Amino acid sequence: MTNWKISMAKDEKLNGSENIKLNSMSEENIQEARPVSRLYENWFLDYASYVILERAVPQYDDGFKPVQRRILHAMKEMDDGRFHKVANIIGQTMQYHPHGDAAIGDALVNIGQKALLIDTQGNWGDTRTGDSAAAPRYIEARLSKFALDVVFNKDITYWRNSYDGRKQEPVALPVKFPMLLTQGVEGIAVGLSTKIMPHNFCELIKASIDTLNGKKSKLLPDFPSGGMGDFTQYNGGQKGGKVRLRADIEVVDKSTLAITSVPYNTTTGSLIDTILKANDSGKIKIKKVEDNTAQIVEILVHLKQGVSSDVAIDALYAFTNCEVSISPNCCVIINDTPRFLPIDDLLKMSTENTVELLRKELEIQKSVLEEKWHFSTLERIFIKNRIYRDIEECETWEAVLSTIDKGLGPFKSQFKREVTEEDLVRLTEIKIKRISKFDSLKADELIAKIEANLEEVKNNLNHLTEYAIRYFEQILKNHGEGRERKTEIAQFDTIKARRVAAANVKLYMNREDGFVGSSLRKDEFICDCSDLDDIIIIRQDGKLIVTRIGEKTFVGKNIIHAAIWKKNDKHMVYNVIYYDGGSGISYAKRFSVTSIIRDREYDLTQGNENSQLLYFTANPNSESEMVMVNLHNSAKARKKVFDFNFGELAIKGRGVKGNIVSKHRVRKVAQKEVGESTLGGRDIWLDENIGRLNTDKQGRYLGSFNTDDAILVVYEDGAYELTDFELTNRYRLNEINLIEKFAPDRFLTAVHFDGGSRTYYVKRFLIETATFGRRFGFISEERASKLVLISSGGNPILEYGYRTKRGEKKTRKEDLLQFVDIKGWKALGNKLGNYLRMSGFKWVEEPMIENPESNLEAKSELTLFN
């Protein structure tokens, strides 16, 4: 690379500058010049190292970035127990931190908002709403009691010069606590970043104690914003992990939802913006959003009429910041080197560091106590044996020291170390007033107390692990109140956006011209759908295509079927009879379309010219059917009209050739009757961890559901409800007593307490209402009324305890089939008895009965043509 100095000299010479003196650029200077590329390489590494070590990434031992450490050190120097102006603290910190006051102020506010190390006064902003703190001159701060207890000890702190050499600053603060894991940290350096999640204060202390006891502990993040967290993919806080966070959403009524928390690093304003954006794009349907956040978060979402609250909640999680994902990346500085390590290792290192710091403190205490014992013993001997009188006649300083040393000679065996000249000098500094008031008994008591304290310190050093455990337990006792877990640990289901997206598009088609889309309002209406849906199109020439919904899309002329396509839906079965143009034979087949390449044409026939579909139906629950086949009049077949049963065909793939219907030309095919579902009902499971239905065999099996089947839900408050079996349904299992497949001929047996008469009743009844989505209360509405037990078993036998009038405890069994008849669901039931203090209700025999399957015909889409 051409040296820049040589180039400049040449350019100036060419320009005719006569005053150039190349003597100023000797050969020696030219040789010393380095290429810019090398300078850039070194400078970049220096800059990257500085940002990593001095700006963005915290140290493992105290858990602070340099600016945080300098702020706390400055506050300790200023500490007098009173609040200080933040502007004052910033100015004090600038003696140690070489950057601007804005960076210091932001870091100080960040520490204060975590409410752990700093007590604050004034408007410090709100992380939930995104409101910033007031100006530094208006707000105040001081170190918290917790910070004073665990962060500082100048005797075991290593020091270095500040950036300008005028002050001494700590290399690392002696923090005796896993501070980094408590507060969490986020930083972007050059070439790497760190993101450590905050963890619960109390759980960290217990985990540290478990570490000292040799036990393993499982640490999961805890966020000050609350909400719910799914930590199944946390991966120990390492890179590649993921944390899913959700806001708490409550159903106020059927048309109103209340968001009562926001995910970590999300504000109420940004959350509302994403809700409005999702509403504008048609993914959710809401009337308005109200932000009533004050001391607690409250965002009211008012739904449009007819919108299900369960579907709306799922849509909020799917399309807005009500659910966010955070990727942890635990990186810390260890011995001036950035290292990536799991949270458990970081906790272990922090705990070991705490133990080492406690050992150093104990060693210092031991040394101080030994010195105190040594001089107290010296003083007692010096005064008690009147050695001070021997120095009255001494004329020189050396003679004074020699006389005292000689007087202590007979007692030197009592000391634990040698008597030094410094000790002798200290004895000469004892005031006459102290000698005159010397009390031998008090001196002995003081020495005994020092010896007891010294023995305790030695015992703690010999049993350092137990001492560290007691230290952590004391921190938990003193500072753990009010620091319980705020983020609920949960498992989230994966919400499929297509399932919960609002039907914001109307789909139309022009059969003859071959167009489908949302802008064809003058043509045939198909259905309401979401702009995330895929549509399946089948043409008369036997071509099948799946495409995205657009405003106007050409898919080929002579459309015979267009509908929403659901991936992996095995129950949607298509029944087809087609004419093969090559052989002249008509074939029949049944198939499902579970997966496909979008916008690619597939042939349902054998692909020969002039092939076409003669009959087609789409059956959402795999219904078979009987059709009547009419052959052409010119056909030589003896039987020109016959029935064909699709139920005899197996359901296969779309590319199958099919079975022969007739080798003669078919004139017409007409549906004769709809058969039963070939695949049977849809098997549904309830995942009791998340309260959601699924077809993936997760959780408790509820049964096989056909089109008109329902789910019975009985709530703890004594109401029941019938719901459909849509996979978008959400069940709050903590409010539910019984949930199962509904059987119309199965009775329920309930034991309930009537708050009005203060009496227990038993009733048996059938579900007589058929309205979906509405609760019906079947117990008394009197105050204090409650549901005790509910059963759908066929032979309910109740056992309960009671007290006689003499106070004797007894147990009774009641066969409820004989005790009470089946009545209406509104009936109060039969009184259980006049016993005192009835309790301990339980079923002793409750055989399960199978869910009766109903063979109800399902509606199917039908298209007939010649």
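Colleague: Why is Y760 called buried?

Modeller: Y760 has a relative accessibility of 15%, and buried means under 20% relative accessible area, exposed means over 50% and partly exposed lies in between, for a 1.4 Å probe and protein chains only. The value falls under the cut-off, so Y760 counts as buried. Please keep in mind that this is a predicted model, in which local features need pLDDT of at least 70 and side-chain atom pairs count only at pLDDT 80 or more, while totals for chains, interfaces and linings use all residues. Residues are numbered from 1 along each chain as its sequence is written, and side-chain values use heavy atoms, with hydrogens and water left out.

Colleague: How many disulfides does a search of the whole structure find?

Modeller: The search of the whole structure gives zero disulfides, where a disulfide is a pair of cysteine sulfur atoms within 2.5 Å.

Colleague: Why can helix 11 be described as largely enclosed by the rest of the structure?

Modeller: A helix here is a DSSP run of H or I with at least four residues, a strand is a run of E with at least two, and both are numbered from the N terminus. Helix 11 covers residues 309-319, and eight of its 11 residues are buried, so the rest of the structure largely encloses this helix. The buried residues are S309, A312, I313, D314, A315, L316, Y317 and F319.

Colleague: What span does helix 16 reach, and what span is expected?

Modeller: Helix 16 (residues 440-462) has 23 residues and reaches 33 Å from its first C-alpha to its last, close to the 33 Å expected at 1.5 Å a residue; the expected span is 1.5 Å times one less than the number of residues. Its buried residues, among them A443, I447 and L454, pack against helix 12 (343-384) and helix 17.

Colleague: Why does H73 count as buried, and with which residues is H73 in contact?

Modeller: H73, which lies in helix 4 (residues 66-78), has 6% relative accessibility and therefore counts as buried. Contact means heavy atoms within 4.5 Å, and, leaving aside neighbours within four places in sequence, H73 is in contact with Y96, F152, W159, Q168, E169 and P170.

Colleague: How many bridges pair strand 44 with strand 45?

Modeller: Strand 44 (residues 797-803) and strand 45 (residues 809-815) are paired over seven bridges in the antiparallel sense, and one of the bridge partners in strand 45 is T811, which faces G801. The two strands form a hairpin with five residues between them, and G807 in the turn has a positive phi of about 90°.

Colleague: How many aromatic pairs does the rule give?

Modeller: The count is 23 aromatic pairs, where rings of Phe, Tyr and Trp (its six-membered ring) pair if their centres lie within 6.5 Å, and planes under 30 degrees apart are stacked, over 60 edge-to-face and the rest tilted. F705 and F725 form one of them, with 5.1 Å centre to centre and 40° between the planes, and the pair is tilted. F705 lies in strand 36 (residues 700-705) and F725 in the loop between strand 38 and strand 39, so the pair ties together parts that are 20 residues apart in sequence. Both residues, F705 and F725, are buried.

Colleague: What makes the pair of F753 and Y760 tilted?

Modeller: The centres of the two rings are 4.9 Å apart and their planes stand at 55°, so the pair of F753 and Y760 is tilted. F753 has 10% relative accessibility and therefore counts as buried.

Note on methods. Two strands pair if DSSP finds at least two bridges between them.
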